[in-house]
Every structure is written in structure tokens, then in C-alpha cells.
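Try each task before reading its solution.

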Amino acid sequence: MPPVLEVKNLVKTFTLKRGLFKRKKLFAVNDVSFSVNEGEFFSIVGESGSGKTTIARLILRLLRPDRGEILFKGKDIFTMKREELKQYRKRVQIVFQNPFTSFNPLMKVKNIIMEPLEIHSIGTRKEREEKVKQAMELVNLPLSFLDRFPDQLSGGQRQRIGIARSIVVNPDIIVADEPVSSLDVSIQAQIVNLFLRLHKDLGITFIFIAHDINLVRHLSDRVVVMYKGRVVDYGETGKVFENPESEFTMKLIKSLPPIEF
Amino acid sequence: MKKISNCFAVFFILLMLFISLFSDVIVGKDVFLKRSKKIYMYSPYQIDRDAFLKPPSKKHILGTDSVGRDIFARLVKGISNSFLISFVATLISLIIGMFAGGIAGYLGGVIDFVFSRFFELFYSIPLLFMLILLSPLIGDNLFLFGIVLGFFGWLFVARLVRGEVIKLKGMPFLEFARANGAGFIHVFKRHFFPHLLPPVLPITIFGFSGMLVAESSLSFLGLGVKPPEPSLGSLISQGLNYHDVAPWIYIPPSIVLFLTVLSLDIIGEYLKKRYSRF
């Protein structure tokens, strides 16, 4: 499988203000490189503050890096111009962590899911509605939800809407930024299975960001482990977790409570 | 009951708007022409030498004032003038407030800091004092008076919009739109506008009635509309001089002012409920 997304020597710093003149640089992402193959389930694991979300935001080009590049099918996304960039933005979608703030509370579900179609001006009004319905079916939501508002739905249902909103434009890559960490465990399983099904059926490449090792182990083909903005382990999931290179990964695995029956 | 009061408010405001738009047709604007093309016999400036401080009669339906001018004609013209000033003032304050608040809130950082200090600076300037200073400049230009009032009324709108924009701009749903490459127009139409409308619309309407009262109180002090031009405030202040001998001068404009502000507040309250989902 050829790499669809390559991250090369990515550095992103934030300036922290401390007092009037003191400034401190925070290396949120420090010299990170990895590549994501087409059609694979790729995971980024790390504790909070390790730069996972910053990477997601960089991949979506919501931030610009200080150094390094991200190649999408061989092209640097930060030098892309209008038409190319538009195509890229259509190909890469995101699912957010908190399903309670990721929707405009004044929009109905159908308008929320239709929004990316509107932005990319795909299809006529009727075709858009058809696509929205298809997306709703793909995430197992009843069509009666179309006219509801997001605050009338539960967390799991909302997260499904978040997923429907990202798959409606047929993306190549979905970046899922801790999509299940704010859900109940039973709902988590449903959402995770939904991800797996979409991954298999639609062949979407997933970049799954999480801090739950068990989940990542269960889901992903390959994994990158991050600690304080750096990559400490990178490779196929089985290998990484069986004999990790770094002490941090070791600790992470050891910290899991043993399952006893 | 609520329905009745809403209907009354809408009806009354429409009536007032109609009067202010067609005041020239109803009472004319000329001093001398007695019967040019107008519906009512007297013009607001015309002096009837046979009637000083006369109570309402068939000839003058609301009576006359101390120099023999017809109160009804002056009231119609006064409503028109007051509404013009308030409208201009509200529009100006809305435009400036939306822009300043939106820019400050959206860009944040240093610009927001500068804007906020500027708001506070502006807030500390006493309106009355400035109006006394500016009154030779304003003269009898009603538009200018409205604009000056508007320049002092935008702070409220600006603060509200700034706060709302700051609240919105960090939301993930905007991030999603931006990650999809949404342009400013899309983001404004889909996200900012629907959120800004419920608070801004009633504020605008309350602001309008506030401007009406401000204009009246300034005219009352002699800082607003210059004689012989009538306005609601100047009519009331003139009438109060004769309140015991000629109550028909100040009562009608007071009632009109009271009912207008009340109706606007009822409408504002209704819209606030209608357009906010929470």
C-alpha cells in the first residue's frame, strides 16, 4: 500500500506568555515523522498534552507548522493553492472529541450533515438531501432525526451525526480526534464498531487519535506513540505493544489493569 | 391578552411609521400656503391669529399653543422628526457597533485590547456635555443630530456583538467549517448570523425606543431639535410651561411617546422569544 499521507519532521511551537516580558516556547509537536498508508487504520496514542490534537489540526491545515511538511499523495499541503487545497479539504474530514460543542445548536440535523456539501457546492438541493439520507443510513440513525436539533439527541447519537457529517462528501481520510473518549463505555463500543465497518466497507483511511491503549490495540493496523511532542514508538500495532522501544510505551502497557475473571 | 397587546403594539407602530412617512402629505411643510396639497388644514408652523391657547375644537382638533399653532399638525410633524432622528441614530449605532464589536471579537489579541480600551474611553464621555459642545455644529440639521446620537449609542451593540463573537469563534463547529475551507460568507450566514440575530434584534428595537426617549429628553432641555421645528420632546417641554392652563399641549405627545416606547418594548420582547431557541 502506498502512503497517502506523509508527515515529515513536523515542528509546531506555541508561545506561552508568562508575565509581561517573559515568553516561553512550548514544543507542542517536535520533529514528528510518520506516514499513513492508504486504506489503513492508523492510530496516534499519547497522554494528554502530548501533541496529538495539534497534529490533527496541522493535518487539517487549521494551523501552520514552524518547520516540516505534510505530503498528501506526494504534495505538500502547506504549499497547495486554491483548487488543489479545496480538493484536499474535501478529501480529509474530521470527527471531533466533544459531540456537545461540535454542532451549531441552532441548526437541524439535516442542515448539519448537509453543510460540507454546501461548502464544496456538491449536487443540487435534491441530490444533497439524498446524500444526507444515505449518510444517515450508513451510521444507523433513523431518518426521523433529520428534523431534530442536536441538543435533543444523546451523546452517542450526536457522535454518529458527527461521523455522518464527515462521510457525506466521500472522503479518503477521516481524522478522528478522540471520538469516543467522552462517551459511555457501552456507546464507545458501538461507535468503534461503526468506525471499523466504515473502514472496511468504504475503504476510508482512518487516523484515530486516542489515549486508550486497549482500544488502539484492538482497532489499528499501525500506531504511533507520542510523548511530550515526540514520537517514541512507531510501527505495526502488534510489534509496538509486544516489544516497545521506549520506556514510556512500556509504562503505558504496564499501567493497564490486568483483566481477571 | 398577550395576543391583543402584541397586535396593538404592531398596529400602533405601523400607524406611527405611516404618520412619520407621510407627514408632509398630512400636514404639509410650508409656513404660508394655507391649502396646498395636504389633508389637514393647518401646517405645523402656521399661526392662527384668532386662536391662542385654544382648547380642542372643530377647527383645531387638538387645540393650539401659545402662539396659535395647531397642536395636531405639530404633533404629526413632531412624530416624523423624532422617528427620523431615532431611525438614523439606531442605524448608525447598529452599523458601527456590529463592525467594531465583530472585528474586536473575531481578531482578538492586540486589536481587541485596543478596541476595548477605546470602548471604555468612549463610555466615559458624557453625552450631554458632548451635545452641548456640538450643538452649534449640529444646528437644525436633524440628520446630523441623529448621527451624533448614533455615535454615542453604538457601545452597547459593540459589546454585545464582541462577546457573542468571542463565545462563538472557539467552537468546534466553526473549526469544522474552516477545515472544509468555508469562506467568510458561509461562516457568517450559517453560524454567526443565526447566533447574533436573537440578541441583536431586540437590542435594536429597545435601542430605537431608547433613542426616541434620548431625543425627547435632549429636546426637552433645548439641546435637540431647534424651534420652530417640533419633536415629541420639544412639544412636551413647551407644553409643560402651560400645563395648568392648556394641558392639551403636552398630553398628546406624552401619550404618543409612552405608547410608542411601550409598543416597541412589547415587539422587542416578542421577537426575543420568537428567535431564540433556548
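**Exercise 1. In which sense do strands β3 and β8 of chain A pair, and over how many bridges?**

Step 1. Strand β3 (residues 41-46) of chain A and strand β8 (residues 205-210) of chain A run parallel, joined over five bridges. Strands here are DSSP E runs of at least two residues, helices are H or I runs of at least four, both numbered from the N terminus, and two strands pair if DSSP finds at least two bridges between them.

Step 2. Within this pair, A:Phe42 has A:Ile207 of β8(A) as its bridge partner.

Step 3. A word on the source: this is a predicted model, where local features need pLDDT of at least 70 and side-chain atom pairs count only at pLDDT 80 or more, while totals for chains, interfaces and linings use all residues. Residues are numbered from 1 along each chain as its sequence is written, with chains lettered from A and ligands numbered from 1 in the order in which they are written.

**Exercise 2. Find the strand order of the open sheet of six strands in chain A.**

Step 1. Reading across, the order is β6-β7-β8-β3-β9-β10 (chain A), and the pairing is mixed.

Step 2. At the edges lie β6 (92-95) and β10 (230-236) of chain A, each pairing on one side only.

Step 3. From one strand to the next, the twist averages 15 degrees.

**Exercise 3. Which residues have the most contacts inside the largest nonpolar core?**

Step 1. They are A:Ile113, A:Ala164, A:Val175, A:Ile207 and A:Phe208, in a core of 70 residues. Such a core is a set of buried Ala, Val, Leu, Ile, Met, Phe, Trp, Tyr and Cys residues joined through C-beta atoms within 7 Å; buried means that 20 or more other C-beta atoms lie within 10 Å of a residue's own, with C-beta atoms placed from the backbone.

Step 2. Helix α3 (residues 109-119) of chain A gives the most to this core, six residues.

Step 3. Leaving aside neighbours within four places in sequence, A:Ile207 is in contact (C-beta atoms within 7 Å) with A:Val36, A:Phe42, A:Ile44, A:Ile59, A:Ile173 and A:Val175.

**Exercise 4. How many residues of chain B are in contact with chain A?**

Step 1. The count is 17 residues of chain B, facing 17 residues of chain A.

Step 2. On the chain B side, α7 (172-179) and α8 (184-220) are the elements that give two or more residues, and α7(B) gives the most, with seven.

Terms used. Two residues are in contact if their C-beta atoms, placed from the backbone, lie within 7 Å. A residue is buried if 20 or more other C-beta atoms lie within 10 Å of its own, exposed if 12 or fewer, and partly exposed in between; C-beta atoms are placed from the backbone. Axes are lines fitted to C-alpha atoms, for helices over the stretch in contact, and angles run from 0 to 180 degrees between N-to-C directions.
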